[in-house]
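Good morning, colleagues. Please look at the model on the screen, and I shall take you through several of its local features.

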Amino acid sequence: LLYPETRRYVKTIITLATPHAAFPYAFDSTVQRFYSYIQKKEAETMAAAEDDESESEGDGAELIVSISAGLRDELIPPHSCNLGRINGVSGLAADLMSPCTAEGSGGRVDVSLGMDHKAISWCHNVLSAVRRIIYANVAAAAASDSPNDVLGRVRRMPQDMQLNTDTGYDKAVKNEEALMVHSHGYFKTLAIQTTMPYRLWELVVLHFLSATVQAGFGIMTRQRGILVSCRFLIILPLPLACVFVSMFPLEWATIASTTVLAYVACLLYIAILHGVIPFISWLWSWLRDRRRKHQGHVDGQRTLVLLLWSTSVIASASFMFLYHLVKRDEVILNWKAAIAVIFWSCVVFTSGVLLSLAARTDDQGSDPVPTMKADELRTASTSGDRPSPRSNVSYLQMVAAVLGPTIPFAVAGKVAYALSLVSTGGQKDDEVFATWESEQWEGRGLMRLLQHDLVRCIVFLLVLNMMLLMARSSK
């Protein structure tokens, strides 16, 4: 897709443990958009190939063979390796290999659940199957009168891969899941599937949803104690899991496993809001008392912002250039490198702002320990409910608990991308991606400026920081 001049020479693509149907790590919106673009172009290519069955030009669609590592793959779920196209064949690695005998099992055939993500690239049994597929594909193309007949090769490929044509890929995955339940039991299987690293995206989204619900309730009702969060821990996971499954119909996300993840997400929010943030607030109060600086509220705010921004720029630029100098990469200074440094500075600055919000314990003043009026304390005492000034958290801290774990995952891919733009090699690799991005954002003026991914992120982070700082300085 990115190199159309060389595509006509590629007739067969074999992928190992590669996601095709869905990308389980789509934290970055650009990655998700690029992934959707690939699927859209592949569908258009196959529609054109169906209309032109002869493919006389020799530049038709490629034959794609997808081999999944199976349920033991901790990074890529087998459901995402399903091609679902007429120009592709999908199969499980366990189906390509002969059954193995477990050592010490008395000669009984062990239940094969595939292999981990790294093993599929060096496993001899899988590589032997790949060689067999390549040889059969080349031999069939040489013996055929129409070597570019992709659909004909697709019909022959299951036989060459020694796959059971009566069982589709989806059914094969379900059979493997049933074997896993039979071998390990339902609850152990649920624990294994829930703790797979490819469920991390779901955990982050569930945390954001659960934290937004709890923070919104706390801000509207001003009930922000830990007991309120514990109530949500009981009633929120199951409804949240149902909403998530309906919003994101992932084939590997069941109601049971998603409910467990939602429960963990609620626990994570409680740990951050009532554990990490109070510690940060206490530490900030201790440092402030030691320094004993008597400044006005507004002047102190401006000084803090200027100091934090200057520190972010200097630290970001120093680290980025020092990183490439240590790696002995050729460093370059141009507008792309400047945008990359500004983006890193915005990320560091946002992290500092969120930490400053976590250090605030009241909604109005700068005093981290809110006081109670005498009549309020007397009323609470006579009612038998004596609240502590430290029992509740401020709404700014609730905002920090929502955004704190979410922002790092949202910008992680762009942080690595921006780091590469400081080097000559990184900018050379970026040329193809920049061309694709400019095609997606055709226009002039402001649209032309916003066609760069990092520029859009800088604008978003600046607006977010302005809103957070305004909320922090409001009384």
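Let me begin with a question: does Ala17 count as buried or exposed? At 4% relative accessibility, Ala17 counts as buried, where buried means under 20% relative accessible area, exposed over 50% and partly exposed in between, with a 1.4 Å probe and protein chains only.

Before going on, a word on the source. The model is predicted, so local features need pLDDT of at least 70 and side-chain atom pairs count only at pLDDT 80 or more, while totals for chains, interfaces and linings use all residues. Residues are numbered from 1 along each chain as its sequence is written, and side-chain values use heavy atoms, with hydrogens and water left out.

The protein has 19 helices and 3 strands; these are DSSP runs numbered from the N terminus, helices being H or I with at least four residues and strands E with at least two. Of its 475 residues, 41% count as buried. Among contacts with a separation of 6 or more, 79% join residues 24 or more positions apart, a contact being heavy atoms within 4.5 Å.

I return to the backbone. Most residues other than glycine have a negative phi. Ala17, although not a glycine, has a positive phi of about 50°, and its place is the loop between strand E1 (12-16) and helix H2 (29-51). Arg328 also has a positive phi, near 60°. Arg328 lies in the loop between helix H12 (297-326) and helix H13 (335-358) and is exposed, with a relative accessible area of 79%.

Next, helix H9, residues 226-235. Val228, Ser229, Phe232 and Leu233 are buried there. Seen down the axis of H9, these buried residues fall within an arc of 150°, so they line one face of the helix; the arc is that of the directions from the helix axis to the C-beta atoms. On the other side of H9, Leu227, Arg231, Ile234 and Ile235 are exposed.

Now to helix packing. How far apart are the axes of helix H15 and helix H19? The axes of H15 (residues 395-403) and H19 (residues 453-473) are 10 Å apart, and the helices pack at about 155°. Axes are lines fitted to C-alpha atoms, for helices over the stretch in contact, with angles from 0 to 180 degrees between N-to-C directions. The angle makes H15 roughly antiparallel to H19: under 35 degrees counts as roughly parallel, over 145 as roughly antiparallel, 65 to 115 as roughly perpendicular and the rest as oblique.

On the H15 side, Tyr395, Leu396, Val399 and Leu403 meet Leu464, Leu468, Ala471 and Arg472 in H19. The residues of this contact divide into 7 nonpolar, no polar and 1 charged; Ala, Val, Leu, Ile, Met, Phe, Trp, Tyr, Cys and Pro count as nonpolar, Asp, Glu, Lys and Arg as charged, and the others, Gly among them, as polar. In H15, 8 of the 9 residues are buried, so H15 is largely enclosed by the rest of the structure. The buried residues of H15 include Gln397 and Met398.

Finally, helix H6 (residues 169-184) and helix H7 (residues 186-194) have axes that come within 7 Å and cross at roughly 120°. H6 and H7 are therefore oblique to each other. Glu177, Met180, Val181 and His184 of H6 make the contact with Tyr186, Lys188, Thr189, Ile192 and Gln193 of H7. The residues of this contact divide into 4 nonpolar, 3 polar and 2 charged.
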